[in-house]
Amino acid sequence: MAGGAFAPTSGGKEYPGKFTFRVFFTCLFAATGGLIFGYDLGISGGVTSMDVFLKDFFPDVYQKESSVKASDDQYCKFDSQILTLFTSSLYLAALVSSIGASMATRKYGRRPTMMTSGLLFAAGAIVNGLAKNVVMLIVGRLFLGFGIGCANQSVPIYLSEVAPSKYRGALNMMFQLFITIGILIANSLNYAFARLIGGDMAWRLSLGGAIVPGLIILLGSCFLPDTPNSEIERGNYGRAKDLLLKLRDVDNVDEEFNDLVEASEKAKLVKHAWLNIFKRKYRPQLVFAVCIPMFQQLTGMNVIVFYAPVLFKTIGFGSNASLLSSLITGFVNMLATFASILTVDKLGRRKLFLMGGTQMLICQVVITIAIAMKFGVSGNPGVISGTYAGAVVAFICVYVAGFAWSWGPLGWLVPSEIFPLEVRSAAQSINVSVNMIFTFVIAQIFTAMLCHLKFGLFICFAVCVVIMSIFIYKLLPETKGVPIEEMTVVWRNHPHWSKYFNEDDAQFETSKPKDIASA
């Protein structure tokens with residue numbers, strides 16, 4: 001199968017390999033792990049804007065919302081720590097499970113961890129769909145979080161290891177694409193159930209419907225092979241080489257196979273990945289494993305995803321209208337992700353980061369001005385015209401598009417491709433953990449921040465976008481087209497990060513183990 005829009009690039013060593021149907025469909029089915037994360041991101045904000053859901057589980061919030069008049073402070077009508085705990089509790093569970101999943105992916109392989117993620121997520125969906133009280137909701141959310149932690153740990157690594165290096169960016173971004181598809185499906189179901197069914201069944205079907213993406217990744221993983229890297233890591237050399245031959249669709253993969261074996265031999269010398277990852281020679285990559293997921297959340301995008309319906313209700317939309325508006329932004333989110341897939345291996349990671357950051361910054365400034373002019377600091381907008389509300393939604397959509405083709409997919413791609421095998425699972429766990437920590441914090445404090453900072457909340461996010469764009473411009477080397485096991489060379493040659501490597505590291509990295517390509 002021809003590469004088509006998945007344009008190959010060069011950089012470092014280049015192994016032979018084709019963009020085949022086998023590679024595409026293997027990555028496609030693995031990437032469906034993003035559905036569970038996306039579905040939850042979209043569904044939770046939708047149900048918390050349903051009056052019947054609030055009335056059943058959060059009556060104080062419902063009473064406060066229903067008693068707020070147009071002349072009252074609109075910024076504060078959803079300020080409830082119990083309500084935000086419903087959304088954010090999941091991410092604490094994901095944080096915990098990602099640490100356990102890092103050890104599981106290394107010891108048992110990527111595929112079993114992906115299967116576990118689907119099983120746990122499906123269990124959480126059942127509990128939430130049958131919930132009778134807040135405790136059942138939280139327990140269900142914890143199970144969902146355990147599943148998401150396992151998926152976010154294993155799927156990006158799986159995709160980066162299976163994909164040929166020259167197409168790795170596009171194929172890895174399919175994970176983010178399925179996150180956006182999950183968000184769009186969730187937004188669609190929220191709107192349809194609220195409009196066509198209503199009552200308790202609306203939110204029960206929305207929450208219980210999470211069982212479908214859980215079963216998709218569970219059953220899909222049953223038909224997937226593990227990665228060549230994982231097979232080698234567990235001593236299955238023959239199986240790994242056969243798999244590599246099938247994935248690359250060429251007659252000779254000895255060079256790539258021997259480099260994978262070399263990386264595995266080095267990895268075996270590292271007995272405690274969680275201790276070694278803090279060594280000086282891994283410092284450059286570790287900085288990005290922490291900063292990229294942190295900055296990804298500080299763009300403010302998850303505020304839009306989590307609370308889009310709540311936010312739109314705050315600026316004057318009705319309940320169903322707010323769900324429709326979040327459905328529109330979800331559709332834009334998915335479409336813009338395609339732009340990233342089609343350009344990441346042409347333009348590279350750095351350009352997309354910087355271009356997307358500029359687009360988000362401009363939109364945040366415009367949105368801040370629009371909300372400040374209408375709501376001021378009192379939160380009393382008076383009469384909101386359809387033109388004003390439509391303009392705000394339009395700029396939010398442009399902002400969402402900027403995130404969706406830059407920091408959204410690149411936030412998963414870059415950390416999963418920059419670490420050597422010996423610390424890759426631990427590094428991905430750190431990446432997921434930081435992501436979940438900041439997702440939890442943003443989800444937990446958003447409504448309180450909106451209440452107290454008013455429109456200034458969006459200024460905070462704009463400042464963060466400026467800082468993280470400077471960080472990328474100064475410190476991130478370009479990684480497009482570089483084989484995953486050759487990535488250390490990129491950091492060694494960077495003017496800032498080269499000081500973290502010494503001659504002993506270089507000798508260790510260039511020493512070749514016994515050639516076992518004939519295994």
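A: Gladly! Let's begin with surface: accessible areas come from the Shrake-Rupley method with a 1.4 Å probe, and for residues only the protein chains shown count as cover. Here the protein chain has an accessible surface of about 18,600 Å², with 68% of that belonging to carbon and sulfur atoms. This is a predicted model, where local features need pLDDT of at least 70, side-chain atom pairs count only at pLDDT 80 or more, and totals for chains, interfaces and linings use all residues. Residues are numbered from 1 along each chain as its sequence is written, and side-chain values use heavy atoms, leaving out hydrogens and water.

Q: How many helices and strands does the protein chain have?

A: Helices (H or I, at least four residues) and strands (E, at least two) are DSSP runs, numbered from the N terminus. This chain has 25 helices and zero strands.

Q: What percentage of the residues count as buried?

A: Buried means under 20% relative accessible area (1.4 Å probe, protein chains only). Of the 519 residues in the protein chain, 62% are buried. In helix H23, residues 456–475, the buried ones include Phe 458, Phe 461, Ala 462, Val 465 and Met 468.

Q: At what angle do H19 and H21 pack?

A: Axes are lines fitted to C-alpha atoms, for helices over the stretch in contact, and angles run from 0 to 180 degrees between N-to-C directions. Helix H19 (residues 349–375) and helix H21 (residues 407–417) pack at about 150 degrees, their axes 10 Å apart. Angles over 145 degrees count as roughly antiparallel, so H19 and H21 are roughly antiparallel to each other. Contact means heavy atoms within 4.5 Å; among the residues making it are Leu 352 and Phe 353 of H19 and Trp 407 and Leu 410 of H21.

Notes:
Expected span 1.5 Å × (residues − 1). Buried < 20%, exposed > 50% of the residue type's maximum accessible area, 1.4 Å probe, protein only. Parallel < 35°, antiparallel > 145°, perpendicular 65-115°, else oblique.
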